[in-house]
Amino acid sequence: MTSTRRIGMTVNGERYEADVEPRTTLVDFLRGTLGLTGTHVGCEHGVCGACTVLWNGKAVRSCIMLAVQADGAELKTVEGLARGATLHPIQQAFLEKRGLQCGFCTPGLMLSIDELLARTSAPTDTEITDTIGGHLCRCTGYQAIVEAVHLAIEKLRTK
Ligand code: FES
Ligand code: FES
């Protein structure tokens, strides 16, 4: 018999409670139990960054966290960026600068950028490249993503 544990957390401002097996990863919980499939699963080894979400405001790799570790936490996933039909400035900037192609890396990247821009409204080039460099993107060559970050900074300033 498999034992489960009751956990509760806030995700994108909504409260959730569920019974989970202690071995369930956070990304499997978000996707499989809560149906928030915007968070992608790539390497499952904490390397590619596709599964990045914000855990109490900090960017974490949800494939190497257990769901039980998020008990009591505030989480943000890509679904928490837009306000209804209005894209978040980071999303709008990615759209305008063509910062995505297949989109597989995009949700995780956007959450790391969201964390960066919550910490500082004027990140240095090094901070931007360090943030982006933690994510594997096989399509864009990264330049368009850098441009999208700069545009997002501008958009957030004038918001
Ligand atoms: S799927 Fe989590 S870091 Fe790659
Ligand atoms: S847009 Fe395809 S992996 Fe980044």
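E115 is buried, with a relative accessible area of 16% (buried means under 20%, exposed over 50% and partly exposed in between, using a 1.4 Å probe and protein chains only). This is a predicted model, where local features need pLDDT of at least 70, side-chain atom pairs count only at pLDDT 80 or more, and totals for chains, interfaces and linings use all residues. Residues are numbered from 1 along each chain as its sequence is written, chains are lettered from A and ligands numbered from 1 in the order in which they are written, and side-chain values use heavy atoms, leaving out hydrogens and water.

**Around E115**
- You'll find E115 in helix 3 (helices are DSSP runs of H or I, at least four residues, and strands are runs of E, at least two, numbered from the N terminus).
- Its side chain reaches the backbone nitrogen of A59 at 3.0 Å.
- Setting aside residues up to four places away in sequence, E115 touches L54, G57, K58 and A59 (contact means heavy atoms within 4.5 Å).

- The largest nonpolar core has 23 residues, and I90, F94, I113, L117 and I132 touch the most other members (a nonpolar core is a set of buried Ala, Val, Leu, Ile, Met, Phe, Trp, Tyr and Cys residues joined through side-chain atoms within 4.5 Å).

**Helix 1**
- L26, V27, F29 and L30 are buried in helix 1 (residues 26-33).
- These four sit on the same side of helix 1 because they cover an arc of only 165° around the axis (the arc is that of the directions from the helix axis to the C-beta atoms).
- The buried residues of helix 1 pack against strand 1 (5-11), strand 2 (14-20), strand 3 (52-55) and strand 5 (74-76).
- After helix 1 comes G35, with a positive phi near 75°.

**The hairpin**
- Strand 1 and strand 2 pair in the antiparallel sense over 7 bridges (two strands pair if DSSP finds at least two bridges between them).
- R5 stands opposite V20 in strand 2.
- There are 2 residues between the strands of this hairpin, where N12 takes a positive phi near 55°.

Methods: Polar contact = N/O pair within 3.5 Å; in protein donor to acceptor, adjacent residues only side chain to side chain.
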